[in-house]
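Please consult the sequence and the model below.

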Amino acid sequence: MKSADLLKITKTHGAPVYVYDAEKISSQFKRLTDAFKGVGQLRLNYAAKALSNISILRLMNSLGSGLDTVSIQEVQLGLLAGFKPESIIYTPNGVSLEEIEEAATLGVQINIDNLSVLEQFGSKHPDVPVCIRINPHVMAGGNSNISVGHIDSKFGISIHQIPHLLRIVELTKMNINGIHMHTGSDILDIDVFLYASEILFETAKNFKDLDFIDFGSGFKVPYKPGDIETNVEELGKKLTTRFNEFCAEYGKELTLAFEPGKFLVSEAGFFLAKVNVVKQTTSTVFASVDSGFNHLIRPMLYGSQHEIVNVSNPKGRERYYSVVGYICETDTFGSNRLINEISEGDILAFKNAGAYCFTMASNYNSRYRPAEVLWYNNEAHLIRKRETFDDIINNQVDAKHLFDVKREKLVAK
Ligand SMILES: *Cc1c(COP(=O)(O)O)cnc(C)c1O
């Protein structure tokens, strides 16, 4: 998207505001589909938790995506957005048996990641097909950012528990129709991913009625020009070959599934905020924006580096700034950033603001959550209104009667 388009959106819809470029989402979807064109049946289930606005879910549905959900509310949102139940996979962690049963009643694909719930669910509902989430315990290069399903992880059923898993399946006579892994982190090393896939294939041989194998997600996207990213094309070539070999061995054409979140929406998103104050101190120049970690928590939560550009002055001389928020705690979006000269009132754009940004926003400091806009066919469409004071007070119960003390009583006579 062009700076001028972003700036125009703030004129119409105000700031702070999130903007999503539908074109970028579509092209990422196509890129991943193309990378796996050698697979007979490919299924991409968009991970709703990355960005769950209903209009984004409708866009995904129109592209032919399925939906990966982690809560019953995400399942409900998906159904409301027009996804068929069979296009939705429900992959929760640590939720109650009741919630899983509720999802099963709605007809979505259940994915279970622990033996306790598997045993209970299988005993009560042996006819409902279930996918199982495996933890392959693969650790790479000593960098925790690229480790997949490590031994301390709370996710998945350990491959060391396969004998117990098989016993439960046999005793309950439940039907396992899919197996799944999700690495949960940025995949840089394709070979590590392929190694984990081999463990999944090995595990799959234990089940006779599989329909699909789900390789999860964790694709790394670039955060600035020249940044490292997962080479999905190379992964596509290598995994396709291995997957097709496995299907031949297994004797059935299975569906290859992925659940990308970040890959589809991260780069499509821009967060726009207005500069309130430019403050020169003895050591730096701060640019304070009308936002904070209540709206974009990733830099403070896990040190994400969102590129920041000045869309009001894209040709200005570059200077170093520390861009900070208005929250009354350390609230830094970026330190020592080279940005085109900033004046008070300028609009800054934070890039890679599509995934895990709005969905993690809160009302901290009793601020309103921002509006959301979808840029589609060169036009801005409002897809979420900015909150108002009603949203802050709506669910609060004012215990006024408890404290309705007459003022005179407090005054000593
Ligand atoms: C969060 C999540 C994803 C998406 O991960 P990304 O890194 O955003 O692609 C996929 N599958 C499951 C089960 C998840 O919890």
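Two residues are in contact if their C-beta atoms, placed from the backbone, lie within 7 Å. Helices (H or I, at least four residues) and strands (E, at least two) are DSSP runs, numbered from the N terminus. The model is predicted: local features need pLDDT of at least 70, side-chain atom pairs count only at pLDDT 80 or more, and totals for chains, interfaces and linings use all residues. Residues are numbered from 1 along each chain as its sequence is written.

Helix α1 spans residues 3-13, and its buried residues (20 or more other C-beta atoms within 10 Å of their own) are L6, I9 and T10. These residues lie on the same side of α1 because they cover an arc of only 100° around the axis, taken from the directions from the helix axis to the C-beta atoms. A4, K11 and T12, on the other side, are exposed (12 or fewer such neighbours). Among the elements that cover the buried residues of α1 are β1, β11, β16, β17 and β18. Just after the helix, G14 takes a positive phi of about 80°.

Strand β16 (residues 347-350) points I347 and A349 one way and L348 and F350 the other, and all are buried. Its pairings, each requiring at least two DSSP bridges between the strands, are tabulated here.

| Strand | Sense with β16 | Bridges |
|---|---|---|
| β11 (residues 269-280) | antiparallel | four |
| β13 (residues 308-310) | antiparallel | three |

Within β16, I347 stands opposite K274, and F350 is the bridge partner of I308.
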